[in-house]
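Please keep the model in view while going through the numbered points.

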Amino acid sequence: MTARVDRIALLAVPGLAYLAVVYALPLLLLLAKSVRTPDGLSLAEYGAFFADDYNMGVLARTLRVAALTTLLALLIAYPTAFAMARARGPWLTVFLVAMVLPMSLGVVVKAFAWSILFRANGFLNTALQGLGIITEPMRMLFTETALVVGAANVFLPFMVLPIYAVVRQMDSRLPEAAASLGASPWFRFFHVTLPLTLPGVVAGSAFTFSMAISMYVIPSLIVGERQQTLSMLIARSFLYLRNEPLGSTISAVLLAIAILVVVSSSVLARRLGARQ
Amino acid sequence: MTDMTPISPADRHYLDVWGVAKSFKGTRVMSGMNFRVDRGELVSLLGPSGCGKTTLLRIIAGLMEADDGSVVLGGRDITRQPAHRRNISVVFQSYALFPHLTVAENVAFGLRARGTAKSATAAPVAEALRLVRMSDFADRPIAALSGGQQQRVAVARALVVGPDLLLLDEPFSALDRKLRETMQVELKSLLRDRGITAIFVTHDQEEAMGVSDRIAVMNAGRIEQFADPSTLYARPASPFVMDFVGLSTRLAARVTARDGDLLSLETALGPVRAPGDLAPGSAALLAVRPELVALGQGENTLSVTLEDVMVLGSKTMLHGRAPEGDRILCELPGIRTGLARGETVSLGWAVADTLVYGVDP
């Protein structure tokens with residue numbers, strides 16, 4: 001028997017070649033910088049990175065912001081996905097345009113729009129003061145809360161669309177069957193709807209989380225230099241400190257987290273899928 | 001035309017659907033619907049798609065709210081009760097088994113939803129699976145089952161909770177013909193043995209006749225006739241029922257004379273007599289079931305040129321040449337040879353077997 005190559009599989013070659021040259025190769029070169037020291041290969045840079053309290057603080061903030069962003073996006077996206085799945089005709093178009101249009105606007109435009117909303121004499125503060133809820137302008141811009149709110153807005157489509165895809169596929173008879181078997185709305189949600197839509201939740205959360213840990217423009221514009229995230233730290237290492245080994249090391253850490261999230265979520269999704 | 005059986009107010013019915021109306025986006029699909037079922041009865045809602053049978057089923061189940069009217073089950077008004085409080089199980093056309101649960105977990109679902117402890121569900125679930133002969137499949141995932149097996153699980157899941165009423169929405173339509181007949185026999189005896197009151201929704205008249213004590217034939221949101229299968233077949237209350245249930249010879253006719261209950265009618269193929277009470281001169285539709293027609297002279301006899309002779313194995317069907325819109329059928333038992341297309345034969349049948357319907361001019 002001669003091993004035969006599936007000719008359809010050959011269609012993947014251009015894509016793989018492109019990824020190899022444009023993605024894998026530069027990434028490898030970058031990672032190589034993180035372990036190459038004048039004294040040969042060493043993990044000293046990693047040791048130094050993890051020993052630094054400031055770095056650890058940035059890492060913790062990055063993970064916290066990413067987790068909160070994912071959670072907020074999920075809370076908004078989950079009901080939205082059901083409304084979308086229920087929508088018909090022009091309403092569905094409205095939903096899809098509302099999802100996709102903001103993506104084409106660009107983060108920079110949005111971030112400046114938020115600053116008009118959040119700043120001391122901005123719309124929110126003026127409105128709250130006008131209503132007598134607060135007397136002094138609240139600090140909103142340059143806070144972690146503003147960052148989470150803004151980031152959740154940017155990544156929302158990536159949470160909504162995977163959940164929407166799963167919800168739309170779900171047989172609408174299943175909740176009805178559960179109801180006819182005596183299941184209350186709560187029981188139906190936790191024993192039928194949620195388990196069946198969990199693969200979409202996992203996929204959307206993995207997308208959102210991995211984008212949120214590596215975001216750079218949004219935190220730069222909303223919170224600025226005072227509260228760094230890993231991506232900002234990387235940029236600073238390369239651009240200002242000219243410390244390529246440090247930048248490469250943080251990049252590797254970030255990449256490791258992203259890979260961990262993507263792999264574990266796909267394992268989880270497959271396990272959930274295997275039951276169905 | 002509605003339910004032909006007169007119902008006195010003193011009659012107590014197990015399920016009493018009264019004056020139910022439903023509109024979708026401003027279009028009335030049902031109004032003044034009355035439908036009553038006795039305890040332990042197996043009833044079918046039979047009709048073409050869009051006749052309102054599924055709407056009625058969903059209103060009874062509580063999966064859809066009626067705009068008007070009431071639903072009373074076992075003396076309890078359930079009109080405003082949500083589906084999960086009605087204790088009415090539904091077997092769906094697609095079976096709607098939970099894909100993330102095993103066979104046993106699917107069957108246990110209704111018990112768990114009612115707050116039964118997991119450990120206490122084992123015995124009833126095992127019993128229900130035994131009843132539908134699926135005990136060996138308890139731990140299988142749903143995706144590993146065939147259509148017939150899925151249907152059995154759906155039935156076990158619906159019955160294990162001890163429902164007051166079982167509703168089945170086209171339960172056999174996804175099965176192939178042979179399996180369908182086996183499952184019909186199985187399910188019918190299962191429901192009978194346990195004294196379950198059940199309503200089948202179907203568009204298949206053979207299925208309805210096979211599984212039910214009574215059949216409600218629905219058309220355009222109304223029940224045209226609600227009767228046992230033999231009455232429905234022998235004495236269809238309207239041309240719609242006559243056409244929907246079984247095959248018939250049908251001929252356009254005009255009443256020429258009336259003598260008491262006996263009408264004389266003129267058709268394109270000759271004179272015919274039939275029992276009825278139409279005024280002379282009025283237009284009518286004549287019908288006879290094909291197996292009641294025989295070769296040779298009868299009380300009514302027409303001379304017919306054969307258009308087609310179909311040998312179907314257990315029977316032979318003769319198609320006669322008829323004017324546009326009319327149809328002449330004669331069913332003979334067994335295989336009949338020696339009859340050929342183009343031949344002219346006499347077809348005869350009894351006056352009493354002739355059905356007559358008035359036709360609005």
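1. Two residues are in contact if their C-beta atoms, placed from the backbone, lie within 7 Å. The structure discussed here is a predicted model. In it, B:Ala156 is in contact with B:Val107, B:Ala128, B:Leu129, B:Leu131, B:Val132 and B:Met134, once neighbours within four places in sequence are left aside.

2. B:Ala156 also belongs to the largest nonpolar core, which has 114 residues. Together with B:Val107, B:Leu167, B:Ala216, B:Val217 and B:Leu286, B:Ala156 touches the most other members. Helix 2 of chain B (residues 103–113) gives the most to this core, namely seven residues. At least three residues come from each of domain 1 (15–239) and domain 2 (247–358) of chain B. Another core, of 48 residues, lies apart from it and includes A:Leu147, A:Phe207, A:Ile234 and A:Ile250.

3. Where do the two chains touch? Contacts join 22 residues of chain B to 18 residues of chain A. On the chain B side, strand 6 (88–91) and helix 2 are the elements that give two or more residues. The residues of that side comprise 14 nonpolar, six polar and two charged.

4. B:Arg273 lies in strand 13 of chain B, which spans residues 270–275.

5. Beyond four places in sequence, B:Arg273 touches B:Leu262, B:Leu263, B:Ser264, B:Asn300 and B:Val351. B:Val351 is 78 residues from B:Arg273 in sequence, yet their C-alpha atoms are 6.0 Å apart in space.

Technical notes. Residues numbered from 1 in each chain as written. Chains lettered and ligands numbered in written order. Predicted model: local features only at pLDDT ≥ 70, side-chain atom pairs only at ≥ 80, totals over all residues. Helix = DSSP H or I, 4+ residues; strand = E, 2+ residues; numbered from the N terminus. Core = buried A, V, L, I, M, F, W, Y, C linked by C-beta atoms within 7 Å. Buried ≥ 20, exposed ≤ 12 C-beta atoms within 10 Å, placed from the backbone. Domains from an automatic or database assignment. Nonpolar A, V, L, I, M, F, W, Y, C, P; charged D, E, K, R; others polar.
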